[in-house]
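Please open the model in your viewer and keep the sequence beside it. The tour below goes from one selection to the next, with a short account of what is there.

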Amino acid sequence: MEKFKKLYELLLSDRVADLDQFHVPDRPAQDWIELVHTADYVNAYCSGTLDAKAQRRIGLPWSSELVNRTCTAVGGTILTAQLALKCGLACNTAGGTHHAFPSYGSGFCIFNDLAIASRVLQKLGLVEKILIVDLDVHQGDGTAFIFQSDPSVFTFSMHCEINFPGTKQQSDLDVPLKEGMEDDEYLQVLDQYLPDLLSEVKPDLVFYDAGVDPHFGDRLGKLALTDSGLYRREMQVLTTCVGRGYPVACVIGGGYAEDMDALVYRHSIVHRAASDVYRHARL
């Protein structure tokens, strides 16, 4: 959990962003969360009455502090999306909890921020069509399930095939990758799909889940990207979207490593790339 605070501190100390560029989200109203999740699940989680089996499936010990952090992170993704519509590009320092389903959490994910933010923006009349680009190493199964019969949200997941979750859901486009894939091949595969997707979907907003667990040093990853490969990936996604006029809201997604400083740096890469793209595009 400490990586979130450390990421904020690193972005400031490395002058990737200054204080004026940070925006503090509000905790969203519960009825916004319930646009995606069932009232029974939301009430049980927020009140601490979720049963032990459901807690184990999430994988995080319950606390009131975690409830507040979880809800605030969802608010962060909503705010990030609103800022992206205004500015063309914005990044959350958390988010990407794509394994959460309507009635349960899974894989360290409690509420699905990408799905909630999508529904909130549609409800507010800010967008109609959304593209979710999920490059976390694990399939965005919760997100795929939530939008499986909804043509207004297109889900694209590019993930390691032999990895969690054991049972995959059907995204609008799934690209399973073989174990051990390295930078160049990974980026070539991505380039085969993303430009055409933007042309076909023509989204009002792109949500980008920039999980860093495809890194070779990630203990839950099984792919072999380097720091340089992650930066090239972020630049490829952001320049492709922004260059075609599509606003992008980024979330940091998954990342799991024993070396905390190295992990925090990896999570900062999407912010570094976004800063470069923002300046170059003069957004």
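Is Phe108 buried, partly exposed or exposed? Select Phe108 in this predicted model, and you have a residue that counts as partly exposed, at 39% relative accessibility. Phe108 sits in the loop that runs between strand S1 (89–91) and helix H6 (113–123), and its phi is near 70 degrees, a positive value in a residue other than glycine. As background for this and the next stops, most residues other than glycine have a negative phi, and most peptide bonds are trans.

Next, select Arg15, which is found in the loop between helix H1 (3–13) and helix H2 (30–33). Here too phi is positive, near 55 degrees, in a residue that is not glycine, and Arg15 is exposed, with a relative accessible area of 76%.

Move on to Phe164 and Pro165, and look at the peptide bond that leads from Phe164 to Pro165, which is cis, with omega near 0 degrees. Pro165 belongs to the loop between strand S3 (153–160) and strand S4 (173–177).

For the last stop, select Ile132, Asp134, Gly140, Thr143, Ala144, Thr155, Phe156, Ser157 and Ser171, which line the largest cavity. Two or more residues of this lining come from each of strand S2 (130–134), helix H7 (141–146) and S3, and S3 gives the largest share, three residues. The volume of the largest cavity is about 40 Å³, and its lining divides into three nonpolar residues, five polar and one charged.

Methods:
Residues are numbered from 1 along each chain as its sequence is written. This is a predicted model: local features need pLDDT of at least 70, side-chain atom pairs count only at pLDDT 80 or more; totals for chains, interfaces and linings use all residues. Side-chain values use heavy atoms; hydrogens and water are left out. Helices (H or I, at least four residues) and strands (E, at least two) are DSSP runs, numbered from the N terminus. Buried means under 20% relative accessible area, exposed over 50%, partly exposed in between (1.4 Å probe, protein chains only). On a 1 Å grid over the protein atoms alone, a cavity is a set of points where a 1.4 Å probe fits but cannot get out, and a pocket is an open set with protein on both sides within 12 Å along at least five of seven lines; lining residues have an atom within 4 Å of a point. Grid points are joined across faces, edges and corners, and a volume is the space filled by probe spheres set on the points. Ala, Val, Leu, Ile, Met, Phe, Trp, Tyr, Cys and Pro count as nonpolar, Asp, Glu, Lys and Arg as charged, and the others, Gly among them, as polar.
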